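Dear colleague,

I am passing on the structure below, and I would be glad if you could look through it alongside my notes. The notes follow directly after it.

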Amino acid sequence: MTPAQDSPQFDTGLRPDQLTADRGTPVETPWGIFAVYQTPEGPRAAEAFCPHLDGPLFEGSGRDGHITCPWHLWRFDLTTGLCVDSPENAGCDSKIRCLPVEIGPGGTLLLGPQSS
Ligand code: FES
């Protein structure tokens, strides 16, 4: 797992068929620890830990294009990063960082660059 040479993207070394529908796959990137999820729209990457109390977001499934934190059930959209639901709407003004994902020439998933 190294930054792609001459590219601001990060090569995860993962192929799409290595992702599981049941949980995210955490990867350490130059922008922090992100998780890559298999979603109906293709692979998505988002911060691996929750902005609430650092809960392990990556342990959830991205199967429906959203990720739900297992600790207090805040739910985030894996494309926009926006919190779309939570018990009693707590934290619904929060957002997780998402990174663009594409398949590189070697067939592995490339992340980033992070937009500002
Ligand atoms: S730690 Fe994720 S919702 Fe509380």
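Asp22 counts as exposed, because its relative accessibility is 52% and exposed means over 50% relative accessible area, buried under 20% and partly exposed in between, calculated with a 1.4 Å probe on protein chains only. Asp22 forms a salt bridge with Arg63, the closest N and O atoms lying 2.6 Å apart, where a salt bridge is a side-chain nitrogen of Lys or Arg within 4 Å of a carboxyl oxygen of Asp or Glu. This pair links distant parts of the chain, 41 residues apart, with Asp22 in the loop between strand 2 (10-11) and strand 3 (25-29) and Arg63 in the loop between strand 5 (42-47) and strand 6 (66-68); strands here are DSSP runs of E of at least two residues, numbered from the N terminus. Arg63, at 48% relative accessibility, counts as partly exposed.

Please keep in mind that this is a predicted model, in which local features need pLDDT of at least 70 and side-chain atom pairs count only at pLDDT 80 or more, while totals for chains, interfaces and linings use all residues. Residues are numbered from 1 along each chain as its sequence is written, and side-chain values use heavy atoms, with hydrogens and water left out.

By the rule given above, the count of salt bridges comes to 4. Side chains of opposite charge can pair when their charged atoms come close. Another of these salt bridges joins the side chains of Asp17 and Arg15, at 3.3 Å from N to O; Asp17 is exposed, with a relative accessible area of 59%, whereas Arg15 is partly exposed at 41%. A further one is formed by Arg75 with Asp64, the closest N and O atoms being 2.8 Å apart, and this pair also links distant parts of the chain, since Arg75 is in strand 7 and Asp64 in the loop between strand 5 and strand 6, 11 residues apart. Both partners are partly exposed, Arg75 with a relative accessible area of 24% and Asp64 with one of 41%.

Arg75 also takes part in strand pairing, as the bridge partner in strand 7 of Thr68. Strand 6 and strand 7 run antiparallel and are joined by 3 bridges, two strands being taken to pair if DSSP finds at least two bridges between them. They belong to an open sheet of 3 strands, in the order 6-7-8 and with antiparallel pairing. Strand 6 and strand 8 (83-85) are the edge strands, each pairing on one side only.

Asp77 lies in strand 7 (residues 75-77) and counts as buried because its relative accessibility is 18%. The C-alpha atoms of Asp77 and His66 are 4.5 Å apart in space, although the two are 11 residues apart in sequence. Neighbours within four places in sequence aside, Asp77 is in contact (heavy atoms within 4.5 Å) with Gly65, His66, Leu82, Val84 and Cys98.

The largest nonpolar core has 14 residues, and those with the most contacts inside it are Tyr37, Leu57, Ile67, Phe76 and Ile96; such a core is a set of buried Ala, Val, Leu, Ile, Met, Phe, Trp, Tyr and Cys residues joined through side-chain atoms within 4.5 Å. A second, separate core of 11 residues includes Phe10, Leu19, Val27 and Leu111. Not counting residues up to four places away in sequence, Ile96 touches Ala46, Glu47, Pro51, Leu57, Ile67, Phe76, Thr80 and Gly81.

With best regards

Notes: Helix = DSSP H or I, 4+ residues; strand = E, 2+ residues; numbered from the N terminus.
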